[in-house]
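Reader: I would like to learn how to read salt bridges in a model. Please start with the general idea and then turn to the case shown here.

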Amino acid sequence: MSETTNSETYDIIFAGGGAVACITAGRLAQADPSLKILVIESGPHTQELQEHVQPGRYFSNLTLPGKTFTFHVAQPSDSLAGRSVIVPSGRCLGGGSSVNFTVYTRAAASDYDDWETVFGNKGWGSKELIPLLKKAETYQSEIFNSTHGTSGPIKASIAASEVNVAEQFLEVAVQYDKERTLAEDINDFTTTNKYGRWARYIDAESGRRSDAPHHYIYNQRLDGNLRILDRKRVVRVIFEGNKAVGVEYVDDIVGDGTGRTRTSVVHASRLVVVSAGAFGSPAILERSGIGARSILEKNGIQVLVDLSGVGENYMDHNLIFAPYFATEDSDTMDALFRGSEEEVEPYVTQWKNEGKGLMAHNALDAGIKLRPTASELEELGPEFEERWKSYFANAPDKPVMLFAPFTAYVGLNPNTPRGKYFSMCYFTGYPVASGHVHITSGLDAYGRLNFKPGYLEDMADVVVLRWAYKKGREIARRMNAYRGELDLGHPEFPTESEAVPKPADGPVDMNTTKIKYTPEDDKAIDEYHRKTVETTWHSVGTCAMKPRESGGVVDERLNVYGVRNLKVADCSITPGNVGANTYNTAIAIGEKSAVIIAEDLGIKGVTTA
């Protein structure tokens, strides 16, 4: 391994090029053309690549060999039937915004208010963040309230066609679930327990993914004050005393074939911003000597700041896709997700010519942010009682479960026949259990992490999934598209159980009685969830923004405790979980980080709304 020093010095260096880094760096570069800004990204560029700009390719990207994901392997867990789950994270410019499901979900207003009041972060409440989110977006569908933006760089829209599964879901839901109704906008920061259409981060006019790099970075000159250094992984932050003055990075080895790396150093005169996500950011801090003393000493790293919260507080959501056979006239994404390039080509042609068709879809067009009714609370039982009383009862905008029809089979079982499917997708909004992420290999930037996700370690997280499975199945079997359960993706019920999955000729009558589940059936459902629950790709919290004595890593100005000229800006700062897909929260953090950095460095032109 050789070492070189980049003689060039930048004003600001971003260690990581995910969604938050793109938004923050883009805003700052646009506001002050004299600033010299460097973004160092471990993965490749994404500019105009079909895998990123064509929305319908996101799932096949996950299943094919490539260089735009890092796959984090967790410790085996008894709560997951001995499994080691694998959690992907984006490894390309734009991070998750360039590879995610494009789902437009906004957190509860109280989530951000908690950041301010519960965790003590002044200026991070919903009153400050909602105007920034409006600033960032152009909402292209009908607007029913004052929470949406109309002139921002990020486009969001509701699909206008090829949504018959979503339409059936809504029609059945309001007839079957009589305690809940429809809403015109289920993403207004407050609405729960109402069914409605779900928007996507897809431009309604062009059909393109609306990601961070194409709307904050690639629309600027990259040979001017903003430079992107791709396929370089940051090892650590360089300090003079306790002042951050630069970063050390190595060449990318993914896909290189040699395994050889060259170490380089580049300097920052004003600020270093660690922005490598919930896995990368704590790892960079620990390799820089900032973290729990015991972990640093175990890795042979000199302690600069003994900061025990680094890498702790890992949070995610617990996700399930329960699959059902669909009719041939159903609008599903199966051909795009599982088809050959030849099968996909007609959809590509339509997308290129019109910006329309299934390539401009994401398979998720309706849903609900679900809270239990009084009778459902009884069904959830004592395991959930304390969690409900202490966390949800006085926060009516917080969903216990996010729940939606997903128009495809997304399992990886090779025995699943080709055809049309839809799935009932559900994930917990605020799991109780949390985990950690720590380095194990000293200064090796590619060393395996000690990763414990904590999924289903608390029974409160198990019983809500059981409730969601049963609810989803009752709605699914009343939809016209329904042709039975795909048994490979459902619990293994006792053979005599009424709940045994099977094919069907059509939906049951709307007034059919609910499936009766025995205690043994409930055990089968719980075991099914332990064997199949996965990440929702919503990793947050490992550099939490809260008081140092409470396990915090950064303060409300994003400054890392114990050092100078070093901030963290990405979803790892999340102190408490958000009941939503996390891209919208990343946008909020990116816009807010730009405001904070501009204020701290005296940069004009970055507005708060």
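Author: Side chains of opposite charge can pair when their charged atoms come close. A salt bridge is counted when a side-chain nitrogen of Lys or Arg is within 4 Å of a carboxyl oxygen of Asp or Glu. Here Arg231 pairs with Asp252, with their closest N and O atoms 3.0 Å apart. This is a predicted model, in which local features need pLDDT of at least 70, side-chain atom pairs count only at pLDDT 80 or more, and totals for chains, interfaces and linings use all residues. Residues are numbered from 1 along each chain as its sequence is written, and side-chain values use heavy atoms, with hydrogens and water left out.

Reader: Which parts does the pair of Arg231 and Asp252 tie together?

Author: Arg231 sits in the loop between β9 (226-230) and β10 (232-240), and Asp252 in the loop between β11 (243-251) and β12 (262-274), so the bridge ties together parts 21 residues apart in sequence. Strands are DSSP runs of E, at least two residues, and helices are runs of H or I, at least four, numbered from the N terminus.

Reader: Is Asp252 buried or exposed?

Author: Buried means under 20% relative accessible area, exposed over 50%, and partly exposed in between (1.4 Å probe, protein chains only). Asp252 is buried at 7%, while Arg231 is partly exposed at 24%.

Reader: What separates Arg293 and Glu297 in helix α9?

Author: They are 4 residues apart in α9 (residues 293-298), about one helical turn.

Reader: How many salt bridges does the structure hold?

Author: The structure holds 31.
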